[in-house]
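Work through the exercises below with the model open. Try each task before reading its solution.

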Amino acid sequence: MKPKETAEHYILSSSPHAHANSSVSRIMLDVILALLPATAAGIWFFGLPAVWTIAVCVSTCVATEALCRLAMGRDSTIGDLSAVLTGLLLALNLPAGIPLWMAVVGSVFAIGVAKQVFGGIGMNPFNPALAARAFMLISFTGPMTTWLKPFWWKTPAAMTTATPLAAMKKLYVAECAAGATPTPDALSSLPGVSDLLLGCMPGCIGEVSAVALAIGAAYLLWRKVITWHIPVAFIATVYVYSLVAGGAPAYMQVLAGGVMIGAFFMATDYVTSPITAKGKLIFGFGCGLLCMLIRQFGSYPEGCSFAILIMNSITPLINRWTQPKPFGAAVR
Amino acid sequence: MKTVKSQFKFSGGVHPDYNKELARDRQIEKMPVPPELVISMSQHLGAPAKCLVKPGDFVRRGQVIGEKNGFISVLVRASADGKVKAVEKRIGPAGGKADAVILDTTARPEAPAEGESGASALAPAGGPVLPPLDWKSATREELLKRVEEAGICGMGGAGFPTAVKLNPPPGKRCEYLVLNGAECEPYLTADYRVMLERAPRIRLGVEIMRKILGGPAVRIAIEANKPEAIAAMEAAFADIEGNVEIVVLPVLYPQGSEKHQIYATVKRIVPEPPALPIDVGCVVENVGTVAAIADAVELGEPLLERVTTVSGDAVAEPKNILAPSGTKYSDLVAFCGGEKMPPAKVISGGTMMGFAVSTLEIGTTKTTSGLLLLSKDRVFQYSSHACINCGRCLRACPMGLNPALISKAVDANDVKAAEDAHVMDCIECGACSFGCPAYRTITQSCRRAKNSIRARIAAEKAKAAAAAQKK
């Protein structure tokens, strides 16, 4: 509510009368800026289709947000940039070659169904971009699992391929089930460490380049937009799990697939993750554990987005478990 | 005596712009008695004083015009000679209305007619209001009585009656006397100037308080951004005997909060309300209050005037003013050369916990530490929107609460949920609202919840009392 002005025109409002000058739009802008390196990497590796997917997702999300607010007779919220961010995040979680009309459907779902139906920013139980990605994965399974090779225009004969995670699953779970080690020949089909770090591998537009994502993550931590709790718990769980479970090398589980973008940019979504530090650690641990369980035992090669969505659903419960203790309660 | 760095940092807190440079280097200036004073009978939290004068009465400087009305109450004295123009409801510094004595300080009684007794006439001014006491030979009870008679209450903010604080209930003992010189509120420099200019008075006040409290250890808490004040205290207390330490606190709002100061100095934690500092063996007093105690005992001078910082970008010349209690804000501003530009907001106190007021026709009280006039550029005005669960309020809350949860509960009119979230622990420091990117008025929500919980408890008590009476 706006403070009212009095007869002498002094503004009356409740204390405090000072503000840190933070704003929701500045936070959203920070996350968008942090995603730019990963966006650039995606465009570098996958070319024009990536550009089009990003453009379509962002513009559709913003348009859907505006239309929904108009239809509901509420103030426009496109100025807070959250719809731009949702569009960008959705695009970065799609394969570059996806038909654009599907990107449109996904974006409308993200904003219209996953966000505005619940009342808009702050009210959605699930991360809108991830909810839309899950919706698209089920609705358009084929196109959502068709992956362009990096620099696909250089190999016109075979433009698409399996993701490293799918290849790994085939290699370690199906072919080497009896404890056999993969042949060097088979291993050479997987990307090397430098390709994993830089992102020269098939995958979603924004998830491939670990280095670009790490630069963005460092920016978010420096700006204090996110805290370390969720990403560290998430990635450490994935790493330790894969060390214990065996199979593909642990660094591959972390770098190939959606763990990096998921841990730093999707699981840290304020609205759908716990508010306390302890809750964030539990949340990150749960994301990592579910992600690895799906990768090892599920029928999908990748479980990152489902893991985060499932953890989104128990966020209210985690919040209830981890209420902070008042300063004076410690001595009771 | 030694100086130590505080080793105990509370969790939470924020860093507002302090803006203290506006008035920091301005020496305390004594202001002449203005032609009209507005002396409120409600000088502090707790019961207002009972007014003892009526319109037409002549009063003397120091005369009791309002008497104690309950346990948590202090008496009110006239801060100048004059004639009572009116006793009426006036807006106070906190925005609420309370009885106030309007004093015409220019009026003098006519000479008594021939044959009439001069009982109502004013005795010539001058001389101490109360007989000076020798604190070394005076008993503890005499000293306590003096603090009460002098009408001294905490000058930092809430204005808790000092005599009550200095007289712990049976079974409780004061082990530490903590002097609050943190002054963490933005803009305010009154305590800072008192520490610089009245250091010997503070030292004397400490010695008197030590005697009243049975010789506790003393901790003088000052934020690290006031090196001159630390040096002044070091000089004043250099040769003091006993366990006295100056504790340099990290610069962090709300370091001046009683509970956080106790934690920072002696690492004790005051339990949840209704526990008080004395429950952990501590008494915290503002440095200005300590100087007032010295004046009351040694000079016989009750608390009739105090230092108020008048600052803000809309004031021509920010100053630290020693003004009689009841001086109108308009007179304070005039003493500072008037307004540089039209103020958009006028605040009693600092920007974090002060009260926005609607008029300058308000008299100062014993707790008026500051008056701020802020131009439009310094006033933020935004519409609040939905909470995005970012957790900044939770990390900022020095009381370890979940302000986001409380504010959502209050939005949903669910006071019970706010109570379960320990809203009664809230000290209303404003750190949550300060950092909220959605501009939510979280502190205000906490206040609302606390008020309705207090009202409910009072109603329950009244009901229980009525039921008991029926039996």
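**Exercise 1. Is B:Pro277 buried or exposed?**

Solution. This is a predicted model. Count the other C-beta atoms within 10 Å of B:Pro277: there are 20. The cut-off for buried is 20 or more. B:Pro277 is therefore buried.

**Exercise 2. Place B:Pro277 in chain B, and list what B:Pro277 touches.**

Solution. Start with the chain. B:Pro277 sits in a loop, with helix H6 (258-266) on one side and strand E13 (282-286) of chain B on the other. Next, leave out residues up to four places away in sequence. B:Pro277 then touches B:Glu258, B:Ile262, B:Val270, B:Cys282, B:Val283 and B:Val284. Finally, check B:Lys259. B:Lys259 is 18 residues apart from B:Pro277 along the chain, and 7.2 Å separate their C-alpha atoms.

**Exercise 3. Describe how the two domains of chain A meet.**

Solution. Domain 1 gives 32 residues to the contact and domain 2 gives 29 residues. On the domain 1 side, the elements that give two or more residues are helices H1 (24-46), H2 (48-72), H3 (82-92) and H5 (128-139) of chain A. H1(A) gives the most, 14 residues. By class, this side has 23 nonpolar, seven polar and two charged residues.

**Exercise 4. Which elements of chain B give two or more residues to the side that touches chain A?**

Solution. Take the totals: 54 residues come from chain B and 38 residues from chain A. The chain B elements are strands E16 (345-348) and E17 (355-357), and helices H12 (431-435) and H13 (442-470). Sort the chain B side by class: 30 nonpolar, 18 polar and six charged.

Terms used. Residues are numbered from 1 along each chain as its sequence is written. Chains are lettered from A and ligands numbered from 1 in the order in which they are written. This is a predicted model: local features need pLDDT of at least 70, side-chain atom pairs count only at pLDDT 80 or more; totals for chains, interfaces and linings use all residues. Two residues are in contact if their C-beta atoms, placed from the backbone, lie within 7 Å. Helices (H or I, at least four residues) and strands (E, at least two) are DSSP runs, numbered from the N terminus. Ala, Val, Leu, Ile, Met, Phe, Trp, Tyr, Cys and Pro count as nonpolar, Asp, Glu, Lys and Arg as charged, and the others, Gly among them, as polar. A residue is buried if 20 or more other C-beta atoms lie within 10 Å of its own, exposed if 12 or fewer, and partly exposed in between; C-beta atoms are placed from the backbone.
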